[in-house]
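Please read them with the structure open.

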Protein chains: 2
Amino acid sequence: MKIDIIENVMQYNKEEADVNRKLFKDKKILVINILSAPGAGKTTFIIETIKRTMGKISTGVIEGDISSTHDSEKIKSLIENVVQINTGGTCHLNASMVAKALEKLKLDGLDLLFIENVGNLICPVGFDLGEDYRILLSSVSEGDDKPVKYPKAFIKTDLVILNKTDLMDYSDFNYPFFEKTVKELNKNSGLISISCKTGQGFDSWISILEALLREKKTK
Amino acid sequence: MKIDIIENVMQYNKEEADVNRKLFKDKKILVINILSAPGAGKTTFIIETIKRTMGKISTGVIEGDISSTHDSEKIKSLIENVVQINTGGTCHLNASMVAKALEKLKLDGLDLLFIENVGNLICPVGFDLGEDYRILLSSVSEGDDKPVKYPKAFIKTDLVILNKTDLMDYSDFNYPFFEKTVKELNKNSGLISISCKTGQGFDSWISILEALLREKKTK
């Protein structure tokens, strides 16, 4: 019976995700679901991306947290089109929560929607939200063993972004080991390094983002 | 029906935790459940504690991970009494998993048992394992807003240990803000700062640990 319930939940989520996906396709909005451990820098990454693309790319954000409006307030200082989801304790977003948030977002004219998931390397992995791409943000200060310890998060992603490279000189992070395990788990995943603090790597990231946006518009 | 199932799970876990607790009491073993986000330094914290107490305190470790034996292998280079739990995807330990691991540990003569939970600031919080104390390891590189973002983890702890103070000079971590929110959430929680890299703060931590061990022996 327990297994039945889990299957029903996942099937229902898949159907809701398909509804979201169709809406994103119709509106030609590129949707990126961002996963990471707590404190890897998801919100700062979104803010730094908005700062570099403002006036060129119309961006909206769905902020997922178990409680508080701490992160959405930070983003609202830059853009208006931000909706907070408080999961009330649930450890991940699901497609139904995103569908409800979409009702409050201005979707017309939107190019890009970031969905910042709850900070958790385990539970959000299984939940399709209807997104086009999934980014896994890892950070130098978390250590080079995160792919070994949380493999599913790295397997089920389109792009791994290693943040906080500014801390590389103060840590024993073994980049070749990290890169090797990321590629072993998921040979199709991209891997880039950035620092939200110094801006290192953002030129590469913005180029990737612009290519994905062009691709979405012509689909 | 869903609520019934959750209540049953939690009631069953409580009963199993009580069995563990009785065993720990009979054997006079001090048991500490360590929670943190991925990469906050739980394993290194355990290793640095063992290094400083070896020959004085007999320590065992239960290592909780969703997969891999990466962390338990590191600890096994120092002590023999280590048991790995692989949850197979489950995002937290429960009392029943710990009970099974206890069958494989040498409990006679053991003073201290660390239970390293799965790296996750949300799901492990609700699961009593039968421990005496719960430590929440936070780290400077995760940012000063973790108490605001993950309040339950900070509410349900006995001691907050802020790790990676060696990175304080390279971050914008606001310690007074962190301390204030920790205390607002849980006025009974202790709060100390350490660096597993430089050893800063370990004298205080070992003093606390020795006091808890003395208390346990005389109970």
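The points below take one residue and then the interface between the chains.

1. A caveat to begin with. This is a predicted model.

2. Start with Thr53(A). The residue lies in helix H2 of chain A, which spans residues 42–53. Is Thr53(A) buried or exposed? Its relative accessibility is 1%, so Thr53(A) counts as buried, the cut-off being under 20%.

3. Now its surroundings. Neighbours within four places in sequence aside, Thr53(A) contacts Thr59(A), Ile206(A) and Leu209(A). Glu210(A) is 157 residues away from Thr53(A) in sequence, yet their C-alpha atoms are 9.5 Å apart. The Thr53(A) side chain also reaches the backbone oxygen of Thr49(A), at 2.8 Å.

4. Next, the extent of the interface. In chain A, 33 residues are in contact with 33 residues of chain B. The two chains bury about 2700 Å² between them, and carbon and sulfur atoms give 62% of that area. On the chain A side, Pro38(A), Lys149(A) and Tyr170(A) lose the most area to chain B; together they make up 22% of what that side buries.

5. Asp65(A) forms a salt bridge with Lys149(B), with the closest N and O atoms 3.3 Å apart. Eleven residue pairs are in polar contact between chain A and chain B, both residues at pLDDT 80 or more.

Methods. Residues numbered from 1 in each chain as written. Chains lettered and ligands numbered in written order. Predicted model: local features only at pLDDT ≥ 70, side-chain atom pairs only at ≥ 80, totals over all residues. Heavy atoms only, no water. Helix = DSSP H or I, 4+ residues; strand = E, 2+ residues; numbered from the N terminus. Buried < 20%, exposed > 50% of the residue type's maximum accessible area, 1.4 Å probe, protein only. Contact = heavy atoms within 4.5 Å. Polar contact = N/O pair within 3.5 Å; in protein donor to acceptor, adjacent residues only side chain to side chain. Buried area = accessible area lost by both parts, 1.4 Å probe. Salt bridge = Lys/Arg side-chain N within 4 Å of Asp/Glu carboxyl O.
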